[in-house]
Amino acid sequence: MEIIDYLGYPFIQRALIAGCFIALACSMLGVLLVLRRLSLIGDGLSHVTFGSVALGLLLNVYPVYISLPVVMASSLGILRLAEKGRIYGDAAIGIVSSVGIAAGVMMASVSGGFNVDLFSYLFGNILSINNTEVFSTAVLSAVVLLTIYMYFDEIFSITFDEEFARASGINTRKINSILVLLTAITVVLTMKVVGIMLTSALLILPAATAFQIARGFRNAMILSSVVSVISVVSGIMVSFVLNLPTGASIVLLNFLIFVTAFFYRTCFRTGHSQGR
Amino acid sequence: MPAEVIKALDLSHSYNSAEVLSGITFSMKRGDYVGLVGPNGSGKSTLIKLILGLEPPSRGSVEVFGRGHKDLTDWNRIGYLPQKINFFNPHFPSTVREVAALGLISAKGPARTPGGKRAAVDHALELLNIADIGDRLIGDLSGGQQQRVFIARALVSGPELLILDEPATALDPETRDNFFSLLSELNKQKNVSIILVTHDIGSMGKFASKLMYLDKKIIFYGSFDEFCRSDTMTQIFGPSSQHIICHKHG
């Protein structure tokens with residue numbers, strides 16, 4: 001059986017379509033988050049996702065319906081805590097993240113322990129995605145990408161130098177809120193692809209790879225997208241062909257590309273300053 | 001259009017209940033070139049932040065181009081160079097051209113089009129003599145080159161008011177002289193108003209039309225000649241300062 005034959009399977013097609021949309025959203029946001037030293041916000045919000053999925057399963061409601069508003073509210077909570085709570089962003093992420101995990105464990109315990117459903121969200125299973133999920137993933141990812149496109153200049157400006165952006169009349173509070181809300185949507189979408197445990201990898205690794213070789217900001221965004229889509233598509237195919245876990249395959253392929261880019265930069269472009 | 005570019009009235013600011021600026025009242029007219037000097041911790045950068053709306057005043061008000069910050073829409077009329085040490089991430093994967101173009105974020109009209117943007121960036125890079133490094137990454141440049149890129153970012157929109165917080169830091173003597181000449185040219189030929197924060201009070205006499213000496217409040221605000229003749233100067237710097245500082249003038 002050849003690769004082209006696998007593409008005939010509807011579940012593979014669904015996984016590839018949803019995976020590509022999510023890969024694009026993650027890679028774009030990842031560049032912004034890593035440069036703003038908010039890499040671990042994906043990790044923190046995925047822990048909140050764990051809590052909200054457990055709540056959804058406990059209430060017998062489709063978990064995404066609970067996760068989306070809860071994680072979006074938590075993302076704004078992190079932002080406000082960092083602004084008003086006299087703490088840095090990493091501490092704010094740590095607080096929200098640990099509360100999310102604790103709430104999840106508590107609810108899993110109340111509902112009689114961890115069940116198969118909860119584990120499927122922890123480690124993801126994109127091959128089981130249905131048509132409705134593909135549609136909602138495509139729509140939400142398109143919203144994320146369109147918003148980044150619309151606010152690209154403002155987002156670039158606050159990412160490079162927030163003080164200068166404010167002195168240029170940009171409403172940085174609004175743009176920051178948009179950025180964390182987009183991250184929240186993306187994290188919820190990503191749990192189906194690589195699972196809650198590995199969400200931050202899909203945000204960080206393509207961006208980190210791009211920074212090894214990028215020759216500009218737009219160039220970094222494009223490279224990150226290419227790396228992300230390649231790793232998701234190849235991860236899905238490899239995992240199906242070799243009967244391996246999909247989420248882990250995507251993350252490990254991502255890491256492999258990162259290592260290649262890292263060695264390429266250190267061996268052939270020693271004068272280049274990125275990725276330090 | 002109001003004659004005053006900046007009008008501050010009884011401006012005060014506190015950090016954690018410690019007052020760092022108190023009762024600042026002054027106005028600055030179009031074409032004024034003000035050297036803002038004072039010892040470390042005197043509130044120079046805080047005053048700049050209050051003027052730009054980066055910090056809210058604990059008391060008083062400030063207007064730029066006749067408007068409070070909430071009503072101000074023409075942010076492209078202001079060019080700003082922050083203190084470099086506060087903000088720059090040297091690993092940022094951004095080219096010189098991309099960084100310089102950030103100064104056009106609030107631009108209106110032709111400067112927002114791709115062609116207009118390109119032309120404005122080209123012009124700013126040429127002014128600072130860095131057109132040849134436009135495609136290089138900002139992190140790969142020397143400190144002096146980086147500073148010139150940030151100056152280009154402040155100038156790219158053709159601002160009517162330039163606010164520069166210690167711009168000569170990291171510049172070599174030749175580049176610093178060229179830069180000060182460029183500022184004088186912009187001030188004299190295009191009537192650009194300038195506030196320049198510096199520790200080099202002596203060289204301000206050569207360029208600035210006014211001097212503001214700040215130490216949590218305004219100690220002196222007037223021309224450099226007035227400053228040299230005033231008792232304030234000897235009170236601050238001692239009796240021999242007259243010769244040392246004012247000697248450089250002209």
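How many residues does helix α10 of chain A have, and how far does it reach from its first C-alpha to its last? In this predicted model, α10 of chain A runs over residues 172-190, which gives it 19 residues, and it reaches 26 Å, close to the 27 Å expected at 1.5 Å a residue.

Let's stay with this helix for a moment and look at its buried residues. They include A:Leu179, A:Val180 and A:Leu182, and the list goes on through A:Thr183, A:Ala184, A:Ile185, A:Thr186, A:Val187, A:Val188, A:Leu189 and A:Thr190. Within chain A, the buried residues of α10(A) pack against α2 (10-35), α3 (41-59), α4 (63-84), α7 (131-150), α8 (152-160) and α11 (199-213).

The axes of α2(A) and α10(A) come within 10 Å and cross at roughly 140°. The crossing is left-handed. From α2(A), the contact draws on A:Ile22, A:Ala25, A:Cys26, A:Leu29, A:Leu32 and A:Leu33, while α10(A) brings A:Leu179, A:Leu182, A:Thr183, A:Thr186, A:Leu189 and A:Thr190. By class, the contact of α2(A) with α10(A) has nine nonpolar, three polar and no charged residues.

Now for the place where the two chains touch. Chain A gives 23 residues to the contact and chain B gives 22 residues. On the side of chain A that touches chain B, α8, α9 (162-167) and α12 (217-242) each supply at least two residues. Sorted by class, that side of chain A has nine nonpolar, seven polar and seven charged residues.

Is B:His13 buried or exposed? It counts as buried because it has 22 C-beta neighbours inside 10 Å. Leaving aside neighbours within four places in sequence, B:His13 is in contact with B:Val20, B:Leu21, B:Thr46, B:Leu50, B:Glu55, B:Pro57 and B:Ser58. Its C-alpha atom is separated by 9.1 Å from that of B:Gly43, 30 residues apart along the chain.

Most residues other than glycine have a negative phi. B:Asp10, also found in strand β1 of chain B, has a positive phi near 50°, and it is partly exposed, with 13 other C-beta atoms within 10 Å. B:Phe65 has a positive phi near 50° too. B:Phe65 sits in the loop between β4 (59-64) and β5 (78-81) of chain B, and it is buried, with 21 other C-beta atoms within 10 Å.

Notes:
Residues numbered from 1 in each chain as written. Chains lettered and ligands numbered in written order. Predicted model: local features only at pLDDT ≥ 70, side-chain atom pairs only at ≥ 80, totals over all residues. Helix = DSSP H or I, 4+ residues; strand = E, 2+ residues; numbered from the N terminus. Expected span 1.5 Å × (residues − 1). Buried ≥ 20, exposed ≤ 12 C-beta atoms within 10 Å, placed from the backbone. Contact = placed C-beta atoms within 7 Å. Nonpolar A, V, L, I, M, F, W, Y, C, P; charged D, E, K, R; others polar. Axes fitted to C-alpha atoms, helices over the stretch in contact; angles between N-to-C directions. Left-handed = near helix turned anticlockwise from the far one by under 90°.
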